[in-house]
Amino acid sequence: MVSDRPSQEGKLSPGAPNDPVPFGGYYLLGLIARGGMAEVYRARPQLGDRRLLAVKVMRPQLAREARFIDMFHREGKLAMMLRNRCIVETIEVGQHDGRHYITMEYIGGRDLTQVLRRCQESAQRIPVPHAVYIAARIAEGLHFAHTLGGPDGRPLNIVNRDVSPSNVRLSYDGDVKLLDFGIAQALMKFTSEIGILKGKFSYMSPEQIRGMPLDARTDVFSAGIILHEMLTTEKLFRGDTEFALMEKVRKAEVPPPSNFNRRVTPELDAIAQKALARDVADRYQSAAALAADLDALIAGYRFDPKELRQFMRQLFRREYAKELEESETSLDAEPGSGEVSMQVVTGARAGTVPGVGTPTETVPRHMIPGIRGAGSQLTPTTNPVGPSPQDPQPRTESPPEDPDKPRGFWGSLFKKRK
Ligand SMILES: Nc1ncnc2c1ncn2[C@@H]1O[C@H](COP(=O)(O)OP(=O)(O)OP(=O)(O)O)[C@@H](O)[C@H]1O
Ligand SMILES: [Mg+2]
């Protein structure tokens with residue numbers, strides 16, 4: 001019999017890589033993070049592809065609001081239409097045991113808040129070309145969503161509204177993926193009452209703070225904040241009180257990033273300033289225009305996106321090794337006895353179950369999803385995270401007298417993960 005641990009008082013058993021716990025059509029394999037409005041679990045399907053997924057389960061408090069549920073499911077369906085290399089793939093929006101959830105592809109890596117915090121703690125910077133590349137990919141994903149049309153060809157006018165470092169995930173393969181696309185509106189609307197919106201003001205546009213109607217250009221501004229923060233390793237807008245913070249965003253006085261980082265050129269300063277123009281008319285009018293300027297800069301750097309992969313694996317050396325190990329365990333562990341395998345073998349969706357016919361079958365390391373890429377990348381024998389020979393901005397290691405060392409209030413500016 002499959003161990004069925006019923007949820008107690010709305011709490012789910014999170015499972016573990018070697019202890020899969022059934023939830024809906026999935027096995028939960030451990031908690032990734034618990035946020036104000038949701039918990040995110042690593043998971044895999046009970047049937048079908050052997051791949052890692054992330055299941056984001058909404059807090060039960062949110063489910064008390066019927067309008068939230070409607071909106072959540074409507075927006076989740078919209079998110080499923082967003083198929084772009086820079087946006088996390090949404091696979092399902094569903095409900096199980098009274099819990100509403102959204103299933104996504106699993107992105108083995110770290111979010112940008114964690115990256116910035118690690119940089120602060122270790123007095124490093126995201127090298128300029130890497131930062132420009134990440135911002136360009138964010139803008140690319142945004143533009144795709146902004147211009148997506150419905151089945152009738154009419155524009156859907158999707159605006160993210162929640163572009164922030166915690167919603168940008170960098171994979172250990174060097175991918176940049178926007179998270180939480182689509183569900184932002186529902187969450188924003190219904191979470192202000194339970195006080196979760198607070199941390200979000202620092203990534204809003206002036207018009208969003210003012211409660212004015214929003215279009216794609218609000219996301220351009222938020223992407224500009226992220227670019228600025230990657231270049232400076234400092235929060236752009238902060239205040240001692242919520243009110244002070246909101247005032248800062250409203251005024252949108254933005255110092256050029258080169259004030260904090262001498263490697264930022266005047267061209268890059270200009271791009272950041274234009275993305276961060278207070279008045280929408282002065283701003284980049286589309287995320288594509290921002291992406292184009294950033295990509296043009298990158299062409300001049302002769303930057304290879306592979307360097308981002310190396311950067312991530314180096315910055316999170318231990319975490320990356322753990323990720324490899326847990327991903328493998330997660331896909332191989334079997335819950336309970338043989339009953340589940342019977343389910344798989346006799347499942348009506350045979351044929352969509354590659355490699356799962358025999359419960360003991362293992363997936364070659366190079367096929368582990370979630371950490372996509374060539375097999376060699378998954379063999380941590382050679383130094384997978386060595387410094388890039390082409391890195392135009394050698395990273396820190398020699399702090400005190402280094403004038404390029406990011407300044408500031410180390411370690412406390414980018415929120416600690418819960
Ligand atoms: N598809 C995914 N694959 C891997 N990790 C993910 C995925 N989706 C979310 N995460 C991670 O789960 C963590 C929690 O995400 P969550 O969206 O709940 O919180 P948040 O972004 O910090 O805050 P917010 O509630 O404002 O969105 C983050 O570190 C995020 O990177
Ligand atoms: Mg999020």
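These entries take the ligand shell and then the sheet.

I am reading a predicted model, in which local features need pLDDT of at least 70 and side-chain atom pairs count only at pLDDT 80 or more, while totals for chains, interfaces and linings use all residues. Residues are numbered from 1 along each chain as its sequence is written, and chains are lettered from A and ligands numbered from 1 in the order in which they are written.

I looked up the shell of ligand 1 and found 18 residues, where a residue is near a molecule if its C-beta atom, placed from the backbone, lies within 6 Å of it; the closest are Ala33, Gly35, Ala54, Asp111 and Ser166. Eleven of the shell residues are nonpolar, four polar and three charged, with Gly counted as polar and Ala, Val, Leu, Ile, Met, Phe, Trp, Tyr, Cys and Pro as nonpolar, while Asp, Glu, Lys and Arg are the charged ones. Because domain 1 (21-105) and domain 2 (109-412) both give residues to this shell, ligand 1 lies between them; the bounds come from an automatic or database domain assignment.

I then turned to the sheet, which is open and has six strands in the order E1-E2-E3-E4-E6-E5, with antiparallel pairing. Strands are DSSP runs (E, at least two residues), numbered from the N terminus, and two of them pair if DSSP finds at least two bridges between them. Strand E1 (21-23) and strand E5 (90-96) each have a single partner strand, so one side of each is left without a neighbour in the sheet. E1 and E2 pair over three bridges, and Val21 has Leu28 in E2 as its bridge partner.

Notes
Helices (H or I, at least four residues) and strands (E, at least two) are DSSP runs, numbered from the N terminus.
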